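Hi,

Here is the structure I promised to pass on to you. Could you open it alongside this email while you read?

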Amino acid sequence: MSGLRRWGFLLSFAVVLSGLIIAPHVLGTFQRVLLTEILIWGLFAMAFDLVYGYTGMLSFGQSTFFGFGSYAMTLAILRGGIGLWPALLLGIVVATIMAALVGFVAVRIKGHYFVIITVIFSLVFFFWALNWTWLTGGDDGLSLKVPDLRLGWWKGSLYDPLTNYYFVLAFSVASFLFLRRLVQSPLGKVFLSIRENEHRARLIGYHVDRFKLLAFVIAGALSGLAGALYSLTLRYANAALMHWTVSGDAVVWTLVGGTGTLVGPILGTALLITFTDYVSAWMENYKIIIGILIVVVVLVAPQGIAGVVRQRWMAKGASPNGR
Amino acid sequence: MADSGPLLKTEGLTKSFGGLTAVADVDFTLSPGEVRAVIGPNGAGKTTFFNLLTGLLPPSAGRIFFRGEDITNLPPYRVARKGISRTLQVTSLFLGLTVFDNVWAAAQSRRRFFNPFIHASRLRDVDRKTHEVLELIGLKDKRDELVSNLSHGDQRLLEIGLALSTSPSLLLLDEPTAGLGPQETTEVARTIKVFAKGTTIIIVEHDMDVVMSLADTITVFDQGRILLEGPPDSIQRSEKVREVYLGVD
């Protein structure tokens, strides 16, 4: 059974990855740009899935870390004049530190209050970014001249669309593999038990708050990475990236795609971003349709797209854990 | 561990909720290897006593010693890591996970490091412990079932399994047969009997047949105090106990 599932995963992963590698050669410019964005936001949604789908914390604060990753990297290049890799690393580090600070307070707060506090944190940092225009550019944001990409002796440029695409793809795929391993690991099992029953997790000896903080910080780091990738791709950062509704998008994508599945958030992101892009072209109030879609999903298939698929698979008698 | 000393000892343990004193000045001593039953009418303070022992409630006064070490006011997870494990009167499981993953999560909880880079199934010792416990509680065949799909009886068994898989030095069972029919009660009691030989246990239980068949010593609580303590047969004969239960003055 476990072997079957493992091969099933490897096969589908290989197929999808091949598809993604070939895609930019087949697609037009518009679709390629769209796909790049989907990979970035999909990474962001996966990070949210770790926090919510696997650890049970409904956080609307992820945009804060996305924004800090984006700004820290952008400013490091603009003001610090440092190279691409150190700037990217700095973006992740700053996002991680911010997640640790916010998380330190937030994970102690239970239930609905947790949701509220993460929204509040988001708003605080959003208004901060909006008002410190001398540093952040506020609503207008900052434009960025992206430094060369160096890999050993090889030198490329993210201004080249293909290079940019593969650059983003590499990080998204690596993050997916990391997260997939994480949620199946001993640490991931701790997260799951906290999601299912915090009280009992505590009683069997887990320092619950510490593990929640850890999940929150890992997700914060990956959100920061997504933010940095975003700014490298669009050569741009602005305060609006920090707004809690950006986190809200990740919540929606993840719910539609299926929480606690990792693949689901990417599917949801792909579906809704594509949908938004096409529908918003001929309909101004396209968000109404998205709203209706969410209501339908929550009512008909609360486990989301990937959740339904997984359920079908399990109904066929396969072990849900591959063990 | 001191060989001769008690495993658990409380001194003047007291818990008041406003004007109500749920546990009053309790001096309680338990030797290693003992199976102790705590009985008493509803509201006698038995569950509150457990909540104090496991750190879920801070005591108003008094101290708790485990293996001679003061564990008063330790948070629940630290108490658990010291080796005190408990079941809950109202079943509290990881409902969305499988039976196997429930036990597995408890079985790995004593570890210090939780590796994010290896597959969970690579922890052979945790796997072995999990299988051992599943065998013991008789849920081996249902290992891949989601816990939310289990019968109440099986959930009560799993409740015990979770506590057992942490390999506790002291196991607190809070009404393990609560809400079970006669047949399931027998099954749970039989399961407890199996591991009772090698485990120190305090069991709160209303089913007198279960209590009598398991306990070495019985402690009777009434209105937060220890009313009486002694071997099962003497408790059974006691007038005082009868009065407490039947409300005769």
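Below is what I found, taken topic by topic. Please keep in mind that this is a predicted model.

Let me start with a helix pair in chain B. Helix α3 of chain B covers residues 99-107 and helix α4 of chain B covers residues 124-137; their axes lie 9 Å apart and the packing angle is about 125°. On the α3(B) side, the contact is made by Phe100(B), Val103(B), Trp104(B) and Ala107(B), while α4(B) brings in Val126(B), Lys129(B), Thr130(B), Val133(B) and Leu134(B). By type, the residues of this contact between α3(B) and α4(B) are 7 nonpolar, 1 polar and 1 charged.

Next, the contact between the two chains. Chain A puts in 24 residues and chain B 33. On the side of chain A that touches chain B, the elements giving two or more residues are α7 (161-184), α8 (186-196) and α9 (198-203) of chain A. Of these, α8(A) gives the most, with 7 residues. That side of chain A divides into 9 nonpolar, 9 polar and 6 charged residues.

Finally, one residue to look up: is Arg150(A) buried or exposed? Arg150(A) sits in strand β2 of chain A, residues 149-151. Arg150(A) counts as exposed because it has 12 C-beta neighbours inside 10 Å, and the cut-off for exposed is 12 or fewer. From Arg150(A) to Ile288(A) the separation is 138 residues in sequence and 45 Å in space, C-alpha to C-alpha.

Best wishes

Technical notes. Residues numbered from 1 in each chain as written. Chains lettered and ligands numbered in written order. Predicted model: local features only at pLDDT ≥ 70, side-chain atom pairs only at ≥ 80, totals over all residues. Axes fitted to C-alpha atoms, helices over the stretch in contact; angles between N-to-C directions. Helix = DSSP H or I, 4+ residues; strand = E, 2+ residues; numbered from the N terminus. Contact = placed C-beta atoms within 7 Å. Nonpolar A, V, L, I, M, F, W, Y, C, P; charged D, E, K, R; others polar. Buried ≥ 20, exposed ≤ 12 C-beta atoms within 10 Å, placed from the backbone.
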